[in-house]
Amino acid sequence: MGFFSKTCEYAIRAVLYIASQSQEGKRVGIKEIAENINSPEYFLGKILQRLSRAGIILSVKGPNGGFYLDANGLNRPIADIVITLEGDEIFTGCGMGLSYCSESNPCPLHNEFKKIRNQITYMLHKSTIGAFNKQLLDGTLTLNK
């Protein structure tokens, strides 16, 4: 079980794959991305459209086209992907999904969940999209279950 929605999981995996390929100046198509991150192609296409419209990834149409990232994209935080697809609720919301949970009206999990949420927020804002390129290219890390 993952922490993120399937949409967000596929998006993060896809963007990290595109980033690893962009480092070498390559543009990748949906079919290649889907095969390398174990994602349904059609569903992935919709996700990539959203990411492209938001400026997270870039694309070029045509025979030598595909998806890629430039230097600015490689330096963006992974949090930008999550926010584009799911909003910022993961960084502010209640662990139990309660709308009334707050510092003055905490749910039973509030204090412990806040610590975890703050760590996740820090990690996603500090980790850049291009931070894992070397390990992905040398096979130390994987994007395929």
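**Reading helix packing in a predicted model**

Colleague: Among the contacts in the chain with a separation of 6 or more, what percentage comes from residues 24 or more positions apart?

Modeller: Such residues account for 65% of those contacts. Please keep in mind that this is a predicted model.

Colleague: How many helices and strands does the chain have, and in what order do the elements run?

Modeller: The chain contains eight helices and two strands. Read from the N terminus, the order is α-α-α-β-β-α-α-α-α-α.

Colleague: Which residues make the contact?

Modeller: From α1 the contributors are T7, Y10, A11, A14, V15 and I18, while α3 supplies F43, L44, I47, L48 and L51. In this contact of α1 with α3, ten residues are nonpolar, one is polar and none is charged.

Colleague: What percentage of the residues of the chain counts as buried, and what is the accessible surface of the chain?

Modeller: Of the 145 residues of the chain, 38% count as buried. The accessible surface of the chain comes to about 8500 Å², and carbon and sulfur atoms hold 53% of that area.

Colleague: What box do the C-alpha atoms of the chain fill?

Modeller: Taken along the principal axes, the C-alpha atoms fill a box of roughly 55 × 30 × 30 Å.

Key:
Residues numbered from 1 in each chain as written. Predicted model: local features only at pLDDT ≥ 70, side-chain atom pairs only at ≥ 80, totals over all residues. Heavy atoms only, no water. Contact = heavy atoms within 4.5 Å. Helix = DSSP H or I, 4+ residues; strand = E, 2+ residues; numbered from the N terminus. Nonpolar A, V, L, I, M, F, W, Y, C, P; charged D, E, K, R; others polar. Buried < 20%, exposed > 50% of the residue type's maximum accessible area, 1.4 Å probe, protein only. Areas by Shrake-Rupley, 256 points an atom, 1.4 Å probe, with all protein chains shown as cover.
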